[in-house]
Structures are given as structure tokens and as C-alpha cells.
Amino acid sequence: MNAAPLFCFEDVCDWLQQATLEIFQSTFELPALVVPAPPSNDLSEPLVASSTSFSGAFAATLVIATKNPSAALLASRMLDIPEPEVRPENTDDVIKELGNMILGAVKSRISDLGTDCSMGIPQSADWISSIAQEGPVSEDGQMRRRIKFSFEAGELLLDFVLTATPPGKNFGTPPR
């Protein structure tokens, strides 16, 4: 039986923000800012997106997306190639790796606190506009947060979903 986590959903969201800001600075040498996120995933432009997950005492999925020109800049910086030489497979790989790096940093913090979880393999993703709205804990224990970052060439949108395992178990209140 797993002990109650020593952190709450808000902590995990803070760790996502911190990890993203640190990765943008260290990997891409780009300052990024947290900006207000849209209330839904209804984005109309072509996007490059990836999905990364982990499971254990709870399940989490992080979907990240950015517009093609922003993905090209990130790929150019990460792969050290000129932007005009960036190919679609480069942007796809870099966005998958970025999602892996962000969620991996959060997973490390969770593991350091004694909660077991294992990472999945990052996948290319379609940005789904019909996903449920962000809100409080649902009946199945699912919590969602959208976080948006602005950087030199555009924006990065994170859609994070955390679900208690098994469904119905309450997550979010640290032990007293």
C-alpha cells in the first residue's frame, strides 16, 4: 500500500512551471514567461504536439503544443542547426524530448519524496480541442491544469492531467 503523497496537485503544477522555465533557459537559452492560459484547447493553427505520461500511485499525462515556427526555433537551438534546415521530424523529436524533460523533472521530484512512479515513452500527439475544461477535481479523481508560456518566437501550451489510481481515490491534500 502506498502512503499518502507529501505534496498536492498545486505543488506538481508549480514544479511543471519551474521545470519548463529552467529548461527554456538552460537548453534553449531563451527566457520564458508564464502567461494566462486559454480556458480550452481550442487552437486553430497547425501545431506540433507531444504527450508524455507517468504512472504509479497516480497517473499523469502532459501534452505540450506549440506552433510550427516556434517548434522550428526550439529544434534549431536544441540540435544546433540553422532554422531553414530544420525538418518536420526534427521539430517532432524536439517537442517529444521537451515534454519528456519537463515531466521527467517533475517525476524526479515526486520520486525524491518517496512516491513511486514510472515514465512512459513520449509520443507525437494531436492537440485535441474537445478535452474537458480545466476545473476542480472530477468524480473520477481527475484534475487538470493548463499552463501557457511565452518566449521569443511564440508560445508553448501545457495541458496537464493527474488522475488518482485507482479512480475515485482522493489526491490533492497533503497529509497533516
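## Overall fold

The protein chain has 3 helices and 7 strands, where helices (H or I, at least four residues) and strands (E, at least two) are DSSP runs numbered from the N terminus. Along the sequence the elements follow the pattern α-β-β-β-α-α-β-β-β-β. This is a predicted model, in which local features need pLDDT of at least 70 and side-chain atom pairs count only at pLDDT 80 or more, while totals for chains, interfaces and linings use all residues. Residues are numbered from 1 along each chain as its sequence is written, and side-chain values use heavy atoms, with hydrogens and water left out.

Of the 176 residues in the protein chain, 41% are buried; buried means under 20% relative accessible area, exposed over 50%, and partly exposed in between (1.4 Å probe, protein chains only). Among contacts (heavy atoms within 4.5 Å) with a separation of 6 or more, 68% join residues 24 or more positions apart.

## Helix 1 against helix 3

Two packed helices are described by the angle between their axes and the distance between the axes. For helix 1 (residues 9-28) and helix 3 (residues 88-112), the axes come within 9 Å and cross at roughly 130°. Helix 1 is therefore oblique to helix 3. Axes here are lines fitted to C-alpha atoms, for helices over the stretch in contact, and angles run from 0 to 180 degrees between N-to-C directions. Angles under 35 degrees count as roughly parallel, over 145 as roughly antiparallel, 65 to 115 as roughly perpendicular and the rest as oblique.

On the helix 1 side, the residues in contact include Trp15, Ile23, Phe24 and Phe28; on the helix 3 side they include Leu98, Met101, Val106 and Arg109. The residues of this contact divide into 15 nonpolar, 3 polar and 1 charged. In this scheme Ala, Val, Leu, Ile, Met, Phe, Trp, Tyr, Cys and Pro are nonpolar, Asp, Glu, Lys and Arg are charged, and the others, Gly among them, are polar.

## Helix 1 against helix 2

The axes of helix 1 and helix 2 come within 9 Å and cross at roughly 55°, so this pair is also oblique. Phe24, Thr27 and Phe28 of helix 1 meet Leu74, Arg77 and Met78 of helix 2. By class, the contact has 4 nonpolar, 1 polar and 1 charged residues.

## Nonpolar core

The largest nonpolar core has 40 residues, and those with the most contacts inside it are Phe24, Leu74, Leu98, Ile110 and Phe160. Such a core is a set of buried Ala, Val, Leu, Ile, Met, Phe, Trp, Tyr and Cys residues joined through side-chain atoms within 4.5 Å. Helix 1 gives the most to this core, with 8 residues.

Leaving aside neighbours within four places in sequence, Leu98 is in contact with Ile23, Phe24, Phe28, Ile64, Leu74 and Leu156.

Leu21 lies in helix 1 and is partly exposed, with a relative accessible area of 30%. Not counting residues up to four places away in sequence, Leu21 touches Ala32, Leu33, Val34 and Phe149.

Most residues other than glycine have a negative phi. Glu29, in the loop between helix 1 and strand 1 (32-35), has a positive phi near 55°. Glu29 counts as exposed because its relative accessibility is 61%. Asp80, in the loop between helix 2 and helix 3, also has a positive phi, near 55°. Asp80 is exposed at 69% relative accessibility.
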